[in-house]
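The notes follow in the order I took them.

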Amino acid sequence: MQKYAQSLGNRRLRGNHHIRELVAQTHVSVKEMIQPLFVVEGIAEREAIPGLTGTYRDTPKTLLKQVEADLKAGVEKFLFFAIPANDKKSLHDFDHTFLQSQIRALKKQFGDAIWLACDVCLCSSTNHGHCGVLNDVMDHVLNPDSTRALAQMALACAQAGADCVAPSDMMDGRVRAIRDILDDHDLSQTVLMSYSAKFGGAFYGPFRVACDSAPDKKMKLQDRKTYQLSYRRADDAFICSHRDAEEGADILMVKPIIHYLDIARELTSEIRLPFAAYYVSGEHAMVESSAAAGLINGPAAHVEAWHAIKRAGVTIIITYGARYAREWLEEYAA
Ligand code: PBG
């Protein structure tokens, strides 16, 4: 035994890409990825999103073209965000006509060739950028009013043909409210993917530009700390994930993911539901900007991040790089 002790690290298993492939324990595939899509009401041309190379604020026209291209690249699952025009934003009367029209257009053109999850949150629909309905003096998010409005939004998505609704607001009890309203409308087949362990923090910057949803800095309530989880209290990720599972979520989520892999590992070991991870805009942009500065190889770094997510036990990866995954995995995951 002693004679072989030094070779136990076993470089023979890393000798070339064939043997590395044979012994690999972690596999990433575009089939388990979800690509976010943004469509914006009332813009004339599609706009690039700083930090998210290859992801756009699409117009209704370019959206359909984009999905056509994505299907060719092997991407079939999407997370959909529709951003209403500024004059449609409101304090509490939310208009989901644009959102519904865009879901219908996608489903009309692509039908079941695509699987469409719709993000359910009010932050793009409110004129202050918070994820729910505020009290009169606007220093507090009202939980019951918000869950009611979120359930209405989820219903609008499901009625327009969404395959999945994905509440990302972090109000308490919204999973049950959504499940109830869907059941009441004979929409019990709609999948519910809950952002159950969503932490507040510094990694959502590019997304808020894309969605025009940063909380208004002139308000007393300047950030989302009263509803998104605190990274100093990991237990809430467990409490909220168990609660959402109990309330009828089909899929749970950890978000962001790269600084939360410990939590993903523990949650996926503890709860036997499928988990998604959202490799969020700030995480993606960190890699992109380092790559743009010539410091790292961007695609290789994304591929490495995706594997780390899988190693933590997560099934589904929501990533802005899904549309490049086939190409990048082929080149770097060997
Ligand atoms: C909802 C929501 C957020 C993201 C998706 N839905 C976060 C936020 O603005 O607080 C973040 C996604 C990303 O950063 O890629 N509000």
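I take buried to mean under 20% relative accessible area, with a 1.4 Å probe and protein chains only. The model I am reading is predicted.

Entry 1, strand 13. I looked up where the side chains of residues 316–319 point. Ile316 and Ile318 point one way from strand 13, while Ile317 and Thr319 point the other way. I noted that all of them are buried. In a regular strand the side chains alternate between the two faces of the sheet.

Entry 2, strand partners. Which strands pair with strand 13? I found strand 1, residues 33–40, pairing with strand 13 in the parallel sense over 2 bridges. I then looked up Ile318 on both sides. Ile34 stands opposite Ile318, and Tyr278 has Ile318 as its bridge partner.

How many disulfides does a search of the whole structure find? I recorded 0. Cys118 is in no disulfide, and its nearest cysteine sulfur, that of Cys157, is 4.3 Å away. For the cut-off, I count a disulfide when two cysteine sulfur atoms are within 2.5 Å. Cys118 counts as buried because its relative accessibility is 0%.

Key. Residues are numbered from 1 along each chain as its sequence is written. This is a predicted model: local features need pLDDT of at least 70, side-chain atom pairs count only at pLDDT 80 or more; totals for chains, interfaces and linings use all residues. Side-chain values use heavy atoms; hydrogens and water are left out. Buried means under 20% relative accessible area, exposed over 50%, partly exposed in between (1.4 Å probe, protein chains only). Helices (H or I, at least four residues) and strands (E, at least two) are DSSP runs, numbered from the N terminus. Two strands pair if DSSP finds at least two bridges between them.
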